[in-house]
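Open the model in your viewer and keep the sequence panel at hand. The stops below say what to select and what is there.

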Amino acid sequence: MPKNGKAVKRELDDDVTESVRDLLSNEDACDDSFKKSSLIVGDHGGDGKECDVEEGGSHGEEEEEEEEERPAWNSKLQYILAQVGFSVGLGNVWRFPYLCQKNGGGAYLVPYLILLILIGIPLFFLELAVGQRIRRGSIGVWNYISPRLGGIGFASCMVCFFVALYYNVIIGWSLFYFSQSFQQPLPWHECPLVKNKTSTYVEPECEKSSATTYYWYREALNISDNISEGGGLNWKMTVCLLIAWSMVCLAMIKGIQSSGKVMYFSSLFPYVVLICFLVRALLLKGSVDGIRHMFTPKLEIMLEAKVWREAATQVFFALGLGFGGVIAFSSYNKRDNNCHFDAVLVSFINFFTSVLATLVVFAVLGFKANIMISKCVALNTNKIVGLLGTDIERSLIPHHINLTHVNQVSAEDYHQMIEIIKGVKEDQYQALGLDPCSIEKELNKAVQGTGLAFIAFTEAMTHFPASPFWSVMFFLMLVNLGLGSMFGTIEGILTPLIDTFKVRKEFLTVGCCVLAFSIGLLFVQRSGNYFVAMFDDYSATLPLLIVVVLENVAVAWVYGIDKFFEDLKDMLGFTPYRFYYYMWKYITPTLLLVLLCASFIQLSLTPPSYSAWIQEEAKEQTLHFPPWGIVVCISLVVMAVMPVPVVFVLRYFNIIDDGASGLATVSYKKGRIIKETALPGEDDDASLIHGRSPSEAPSPMPGNNIYRKQSGGPGTDIAPNGLYGIGYLMADIRDMPESDL
C-alpha cells in the first residue's frame, strides 16, 4: 500500500460522504419534478468532444452546455382544462349534432360509444403516456421511439400548421358576428331595402334566399361565384383575422405559463353558455319537438357501414389525435401523473359535451322549425280560403276551425283540414299546391358547419327575446371553443420545434403567427370560404389517419408493447389493464387501417368538389375544382405526409446518422436520448440522478456504486429523483438492471 494510501482513502470517504450529502440535500428539489425537469443538451455536430462544466463555473477551453428547465402546469385542474379545451372544439357544436341527426338520432350514440372505447380512449391514452414519459413534443417523442420514424413528428407539425391556417379564419368569422351582435334589432334580422330614385324594394338576392343566408354570404363574406374568382381581400375579415392571430400570439407567447391561465376562461365559459342556452331553449315553444326528433332512434340505419365510418372519423377528430397537441400538453406533466385516468376523464367529458351541444342545437332548431311551421300554416291556410267555393267545398272544413283569422289556425287544425281534403280530393290534391307543413320535414333539413352556426342558429336567435344578448353569448362561446383548440394546435407546432432546435419560444411564437397570418390572407379574399372548405377536406383527414396508424405501429410493434407496458408500470405505479395490450397491438391498428382504406376509397370515388354560392340564383351549387385546385388538394395531402418517408429514407441510408440530428441540439438513438458520451470510468450514476454530465457530478472520483439500489428491492422501478427510468438509458449497458439508475 502506498504511503499516502490513508490520505487517498480519507479523500475517497470524504467525497462519498459529500456526494451522499449532496444527494440528500437535493432530494426535495428532485422530487419537485412537477415543476421542473432538466435536460442537458449540447451541440453534437462537432468533433465529438465532451463539454465539461463544473457547478461553480466553466474551464477556459471547455464548451458551455445549456440546461433547459422544462415548464410545468400550475395545477392538475389547469392541465385537464387545457386538454378539454383542445379536444372540445367547434366540431362538437356543429359536426356531432349533424351526424347524430343524419345517422339515426339516438341510435348513433351506440356506434360512437363503442368506437370511442375501441379507438378513442386507447389512442388518447397512448399519446398522453408517450408525451408524459419522454417529456418532449411530437418530434422528440417519435425520434426517441425510433429515429427512422422521426418523420411522424414533423408530419404532425405540418398538419397542425395547415389546420391552424384555416381554423383561425373561423375564429375571425365568429369575431365579426360577435362585433355585429351589439345592435337591436340584429343586422341579419330582415332583408335590406334597396332605394332608387323612384321606388324602394327588397334586395333580390335576399328575397330569393333568407335574411341570415344573405347576411352570411354577401355582408360577411362578400363571396365570389367560384374559387377561380379571387375578388381581392375582404377588409372586414382581414381585420378580424389579424385580431384572432394577435389573441393567439399573446396567449401563447409565454408558453403554458400564459396559455394555461387563459384556459380557465376559454375552457369553462362554453359550458356556461351551453347550459344557459339549453335552459332558455327548453322554455321556448317547439324545443321539445326538436329533442324528441333528435333522440328518436332509427335502428335500421345502424347496420350501414357508412354510419360506423363517420362515427369512427368523428371520434378520431373529436379527441384531437395525431395533431401533437395532446403529446405537447402531457409533456409538461409530472412523470408519475395518472395519465390513464386523464385519458378516460377527458374522453368522456368530450362525449358528454357533444351530447349537451346536440341537445342545445336541436332544442333551438325545434323552436325555429315551430316558427317556420307557423308561417307555413298561415300561408297555406290563405290558399285554402282562396280555394273555398271553387276547388274546395266549405263542408270539408271542420266546424271548430275559424278561417276568418288565418294566423290563429293551429298546426293541428291545419293538418286535420289537409287530411280531410286529401281523402276527398285524392286525384286533384296535388294540383291544389298545398304544403303538408311537416315539422319532421323541417327538422330533417340537415345543416352542419358554418351553415348551422352562421345561418340556421343565427336565424333562430333573431326570434329569441333579447336576441342581441344571446347572439353575443353564442359567438363569444364559438370564439372560446376555437381558441381552446387553437392553443393545442399551436402548442403541437411550437413545443416539438423548441424541444428539437432550442429556439426562443417568444421569437418562434411571433414568427409562426406572422407567417400563418400572411398565408391566411388567402382565406379572407372573396373566394376564401372555398379554400377553407378545401383545406378542411384534404389537409387533415388522410394525413392524420396515416400519422395515427404510424404512431400506433411505432409504439406497439417497433418500440415493443411489452417494453411500453413496463414503462407504464414504472411511470404510473401500476400495470394498465390487459385490455390496452390487445387494443394497441391488434384491434386499434386494424380498425385504423380499415378506416384509412375507407377514407381513401371515399376520397378517390368522390371527385374533388365544393359548394359555391351563385349570386344570381341566390342558392348553393356544387362545383368541381378546376385542374389547379385538384393539384392543390393532392399537394396538401402529399406535403403533410412527406416528412415520414423522407426521414425514413435519410435515416435508413445513414444520410442523417441516427446518433445525430443535423441542426437539432438533441441526439437520439432508438429508445433513448443521448446527452453526452461518457469517458471510460466516468459514467457516474450521480450525474444521471442529477441530470448532469459526468464532469458536473459532485465527486470527481469514480462512483459507479454510490447511489445504486439493490436489485429486486422495494422502490426499484424509478431513480431517486423520479425522473429517469426504462426509457432514459444514457449508455449502451445491456445487462444493467433498471434499478441501477
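Helices and strands here are DSSP runs, numbered from the N terminus; a helix (H or I) has at least four residues and a strand (E) at least two. The model is predicted.

**Whole chain**

The protein chain has 28 helices and ten strands. Colour by burial next: of its 741 residues, 55% are buried. Now consider contacts between residues at least 6 apart in sequence. Of these, 80% join residues at least 24 apart.

**Two loop residues with positive phi**

Select Asn222. The loop that holds Asn222 runs between α10 (211–220) and α11 (235–252). Phi of Asn222 is positive, near 45 degrees, and the residue is not a glycine. Is Asn222 buried or partly exposed? Its relative accessibility is 30%, so Asn222 counts as partly exposed.

Jump to Ala618. This residue sits in the loop between β7 and β8 (619–624). Ala618 is not a glycine either, yet its phi is positive, about 55 degrees. Ala618 has a relative accessibility of 6%; the cut-off for buried is under 20%, so Ala618 counts as buried.

**A cis peptide bond**

Select Gln184 and Pro185 together. The peptide bond from Gln184 to Pro185 is cis, with omega near 0 degrees. Pro185 belongs to the loop between α8 and β5 (193–195).

**The nonpolar cores**

Show side chains for Trp142, Trp245 and Phe277. Within the largest nonpolar core, which has 183 residues, these three touch the most other members. Helix α8 (residues 151–179) gives this core its largest share, 18 residues.

Zoom in on Phe277. What does Phe277 touch, not counting residues up to four places away in sequence? The list is Val360, Val364, Phe457, Met461, Phe464, Trp470, Met473 and Phe474. Another core, of 20 residues, lies apart from the largest one. Select some of its members: Ile373, Ile392, Val409 and Cys437 are among them. In soluble globular proteins, nonpolar side chains tend to be buried together.

Select Gln83, in helix α3 (residues 76–87). Its relative accessibility is 1%, so Gln83 counts as buried. Display its contacts, leaving aside neighbours within four places in sequence. Gln83 is in contact with Phe124, Leu128, Val326, Phe329, Ser330 and Val346.

Move to Ser266, in helix α12 (residues 256–282). Ser266 has a relative accessible area of 4%; buried means under 20%, so Ser266 is buried. Which residues contact Ser266, once neighbours within four places in sequence are left aside? They are Asn480, Gly484 and Phe487.

**A helix crossing**

Display helix α7 (residues 138–145) with helix α21 (residues 467–501). Their axes come within 6 Å and cross at roughly 60 degrees. The two helices are therefore oblique to each other. From α7, Ser138, Ile139 and Gly140 meet Gly492, Pro496, Leu497 and Thr500 of α21.

Select Asp391. The loop that holds Asp391 lies between α16 (339–387) and α17 (411–424). Asp391 is partly exposed, with a relative accessible area of 39%. Not counting residues up to four places away in sequence, Asp391 touches Lys425 and Leu432. Draw a distance from Asp391 to Tyr429, C-alpha to C-alpha. Asp391 and Tyr429 are 9.7 Å apart in space and 38 residues apart in sequence.

**Rings: pairs and charges**

Finish with the aromatic side chains. The structure holds 55 aromatic pairs. One of them joins Tyr530 and Tyr610: the pair is tilted, with 5.0 Å centre to centre and 50 degrees between the planes. Which elements does this pair link? Tyr530 is in helix α23 (residues 528–538) and Tyr610 is in strand β7 (residues 609–614). They are 80 residues apart, so the pair links distant parts of the chain. Both Tyr530 and Tyr610 are buried.

Two charged residues sit over rings. Select Arg578 and Tyr581: Arg578 lies over the face of Tyr581, at 4.0 Å from the ring centre. Then select Lys585 and Trp557: Lys585 lies over the face of Trp557, at 5.1 Å from the ring centre.

Key:
Residues numbered from 1 in each chain as written. Predicted model: local features only at pLDDT ≥ 70, side-chain atom pairs only at ≥ 80, totals over all residues. Heavy atoms only, no water. Phe/Tyr/Trp six-rings, centres within 6.5 Å; stacked < 30°, edge-to-face > 60°. Buried < 20%, exposed > 50% of the residue type's maximum accessible area, 1.4 Å probe, protein only. Lys NZ or Arg CZ within 6 Å of the ring centre and 35° of its normal. Contact = heavy atoms within 4.5 Å. Core = buried A, V, L, I, M, F, W, Y, C linked by side-chain atoms within 4.5 Å. Axes fitted to C-alpha atoms, helices over the stretch in contact; angles between N-to-C directions. Parallel < 35°, antiparallel > 145°, perpendicular 65-115°, else oblique.
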